[in-house]
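Dear colleague,

I am handing over the structure below, and would be grateful if you could look through it alongside the notes that follow it.

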Amino acid sequence: MIDLAKDLLGLKAVVTGSSTGIGRATALAFAERGAQVVVHGRTLSLDLQHTIDMIAANGGHATAVACDLSNGQQIETWIDRCWSELGEVHAWVNNAGCDVLTGEAANWSFDEKLEQLWRLDVRATLSISRKVAARMQAESKRANVEHPHLAGNRSVTLIGWDQAWQGMAGDSGQMFGTIKGAVMSMTGHLAHSYAPEVRVNCVAPGWIQTQWGSHAPEYWRQRAVSESLMNCWGQPADVAHAIVNLSAPTSRFISGQVISVNGGFRFGGSLPVNNQV
């Protein structure tokens with residue numbers, strides 16, 4: 001791994017949904033830059049432990065706090081545990097979402113998928129963001145003597161989807177466009193509600209080679225390439241670095257924004273001549 005400057009030394013971050021994919025890459029990116037991290041999964045799975053082991057192998061530090069975020073009754077206690085692990089929280093990333101494209105969920109009906117996406121990706125995200133931002137707002141005015149550059153600088157980052165506001169045909173477009181459009185919309189409202197102590201932004205990934213993308217049929221592989229000006233899939237690390245940069249104190253004047261990470265969206269989606277991923 002590249003030995004990045006520890007410019008986030010002293011920063012304390014929570015990354016939800018960090019067992020795999022973008023969440024794992026984000027936790028790793030925070031730790032590489034010196035942050036102390038709490039990682040999260042629905043359960044204390046082997047995948048989540050692997051995230052912790054990867055961070056430790058690179059000299060970082062992380063602990064895990066599991067919770068089923070679709071169960072609203074558990075959220076308050078889980079947030080308490082995250083705060084207890086870190087003492088205070090400077091950066092919170094609401095990355096957890098319902099995977100309805102792989103595994104058993106891929107066979108659910110449209111309505112079943114939509115209901116689960118609503119419970120986790122929208123309702124839980126908004127509830128968690130409100131609770132977390134309120135705590136951050138209350139603690140941000142306390143002086144941080146050891147790391148004064150972190151005082152009064154808290155951030156919450158949400159995860160959207162670049163095509164939510166552009167339109168995409170089919171069940172996936174209707175589901176994810178509706179769900180992630182709601183997340184992207186709540187960003188500005190939360191930013192207004194908790195400013196100036198807490199910044200709220202949203203990162204909207206494009207075609208990213210996560211678990212589904214790694215095994216996608218050829219049609220979707222070609223489409224992913226054709227719709228990016230970079231002529232390739234994005235990687236989880238590409239999104240992770242955008243999230244971490246937005247969470248850093250150097251981004252203190254960025255709030256209420258939805259930022260696409262998609263290599264530049266090519267409207268029309270004409271296939272490039274050189275479309276190797």
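The notes go from the whole chain to the sheet, and then to a few single residues.

This is a predicted model, in which local features need pLDDT of at least 70 and side-chain atom pairs count only at pLDDT 80 or more, whereas totals for chains, interfaces and linings use all residues. Residues are numbered from 1 along each chain as its sequence is written, and side-chain values use heavy atoms, with hydrogens and water left out.

As to confidence, the protein averages a pLDDT of 90, and 91% of the residues score at least 70, pLDDT being the predictor's confidence in each residue, from 0 to 100. Over residues 271-277, however, the pLDDT is below 50, although this stretch has 12 contacts in the model beyond near neighbours in sequence; a contact here means heavy atoms within 4.5 Å. Where pLDDT is low, the predicted coordinates should not be read in detail.

The radius of gyration of the protein is 18 Å, which agrees with the value near 19 Å that a compact globule of 277 residues would have (taken over C-alpha atoms, with the globule rule being 2.2 Å times the number of residues to the power 0.38). The C-alpha atoms fill a box of roughly 55 × 40 × 40 Å along the principal axes. Of the 277 residues, 51% count as buried, where buried means under 20% relative accessible area, exposed over 50%, and partly exposed in between, with a 1.4 Å probe and protein chains only. Among contacts between residues at least 6 apart in sequence, 74% join residues at least 24 apart.

The protein has eight helices and seven strands, defined as DSSP runs (H or I of at least four residues for helices, E of at least two for strands) and numbered from the N terminus. Seven strands form an open sheet in the order S3-S2-S1-S4-S5-S6-S7, with parallel pairing; two strands pair if DSSP finds at least two bridges between them. Strand S3 (62-64) and strand S7 (258-261) stand at the edges with a single partner strand each, so one side of each is left without a neighbour in the sheet. Neighbouring strands of this sheet are turned by 20° against each other on average, direction ignored. Strand S1 (residues 12-15) pairs with S4 in the parallel sense over three bridges, and Val-15 has Val-93 in S4 as its bridge partner.

Helix H3 (residues 72-86) packs on the sheet, touching S1, strand S2 (36-39), S3 and S4, and its direction makes about 155° with that of S2. Angles run from 0 to 180 degrees between N-to-C directions, with axes fitted to C-alpha atoms, for helices over the stretch in contact. H4 lies across S4, strand S5 (154-159) and strand S6 (198-205), running at about 170° to S5.

Not counting residues up to four places away in sequence, Asn-95 touches Thr-16, Gly-17, Ile-22, Gly-23 and Ile-159.

A cis peptide bond, with omega about 0°, joins Ala-195 and Pro-196, and Pro-196 is found in the loop between helix H5 (171-194) and S6. Asn-231, in the loop between helix H7 (218-226) and helix H8 (236-247), has a phi near 60°, a positive value in a residue other than glycine; Asn-231 is partly exposed, with a relative accessible area of 21%.

With kind regards
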